[in-house]
Amino acid sequence: CQYIMKNKPKTFVIENVAGLMRKHPKDFAVVLTNLSTAGYQVTWDIVNSLQSGCAQSRPRIYIIGLRNDRRYHQFTWPQDIKMVAPVDMFLDQKPNAKLPAFNATESRNYKAWDKKIKKMGMSLQSTTFMMDLGAGKQFGQCTQDKCPCITRSRPCYFISNQNRYSNIHELGRMQGFTTKEVDAILKPCVLVNQIGTAFGLSLIHISEPTRQEAISYAVFCVK
């Protein structure tokens with residue numbers, strides 16, 4: 001907020017975790033009030049990257065601000081894209097012949113999910129499930145044909161039908177990074193932080209309010 005109030009950009013997009021509004025409602029309300037008082041039309045929504053066609057479940061709060069003196073068009077949120085790209089499009093096809101050596105937590109979670117999936121009439125070996133095997137019982141995730149939310153604290157997920165963990169290039173693709181861009185970041189800790197906190201929408205059209213003669217669009221897309 002301080003940066004926006006000082007530099008007064010024509011438009012801005014703020015992204016944060018969806019829990020911000022639930023856990024800190026008063027602080028969230030103060031942010032909206034301060035931005036409005038600074039001279040912006042402010043609108044916000046919780047958008048999951050699945051709604052924009054990306055194979056990653058990443059619900060985030062997006063706050064859009066249009067400076068009042070440059071607001072020639074009303075901002076509208078984009079409609080959901082019904083077709084979601086399958087997660088296999090982002091994955092290397094490099095399966096291992098057998099399961100790796102799991103630690104106790106990974107083994108417990110894998111067996112628990114294997115049991116649940118079999119009860120549903122499916123198999124971990126025949127369908128792509130992205131699994132968070134390192135999490136505690138209450139936080140573990142296993143999602144079919146899509147990736148759980150990529151974060152810097154969870155730098156990889158287990159790919160059930162390939163018997164391996166995802167690599168940093170695969171996660172980078174789901175966050176909009178090219179292989180060249182990933183390789184250019186030499187420090188592993190910096191790379192994990194950037195991929196885990198990246199602006200994760202695969203496609204969003206933002207009505208650009210600074211032109212009177214036409215409505216233009218900014219497009220962010222996964223390469």
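**Exercise 1. Work out how the side chains of D114 and K118 meet, and how far apart the two residues sit in the helix.**

Start with the pair itself: the side chains of D114 and K118 form a salt bridge at 3.4 Å, N to O. The rule here is a side-chain nitrogen of Lys or Arg within 4 Å of a carboxyl oxygen of Asp or Glu. Next, the spacing: both residues are in helix α4, 4 residues apart, so about one helical turn separates them. Helices are DSSP runs of H or I with at least four residues, strands are E runs of at least two, and numbering goes from the N terminus. Finally, K118 is exposed at 54% relative accessibility (exposed is over 50%, buried under 20%, partly exposed in between, with a 1.4 Å probe and protein chains only).

A word on the model: it is predicted, local features need pLDDT of at least 70, side-chain atom pairs count only at pLDDT 80 or more, and totals for chains, interfaces and linings use all residues. Residues are numbered from 1 along each chain as its sequence is written, and side-chain values use heavy atoms, leaving out hydrogens and water.

**Exercise 2. Find which parts of the chain the salt bridges of E15 with R60 and D92 with R173 tie together.**

Take E15 and R60: their side chains meet at 3.6 Å, N to O. E15 belongs to strand β1 (residues 11–17) and R60 to strand β3, so this pair joins parts 45 residues apart in sequence. E15 is partly exposed at 21%, while R60 is buried at 9%.

Now D92 and R173, which come to 3.0 Å, N to O. D92 is in the loop between β3 and α4 (104–119) and R173 in helix α5, 81 residues apart. D92 is buried at 18%, and R173 is buried too, at 19%. In total, the count is 5 salt bridges.

**Exercise 3. Is S49 buried or exposed, and which backbone atoms lie by its side chain?**

First locate S49: the loop between β2 (40–48) and β3 (59–67). With a relative accessible area of 1%, S49 is buried. Then check its side chain: a polar atom there lies 2.3 Å from the backbone oxygen of Q56, and one lies 3.3 Å from the backbone nitrogen of R58. Lastly, S49 and Q175 are 126 residues apart in sequence, yet 9.9 Å apart C-alpha to C-alpha.

Notes: Polar contact = N/O pair within 3.5 Å; in protein donor to acceptor, adjacent residues only side chain to side chain.
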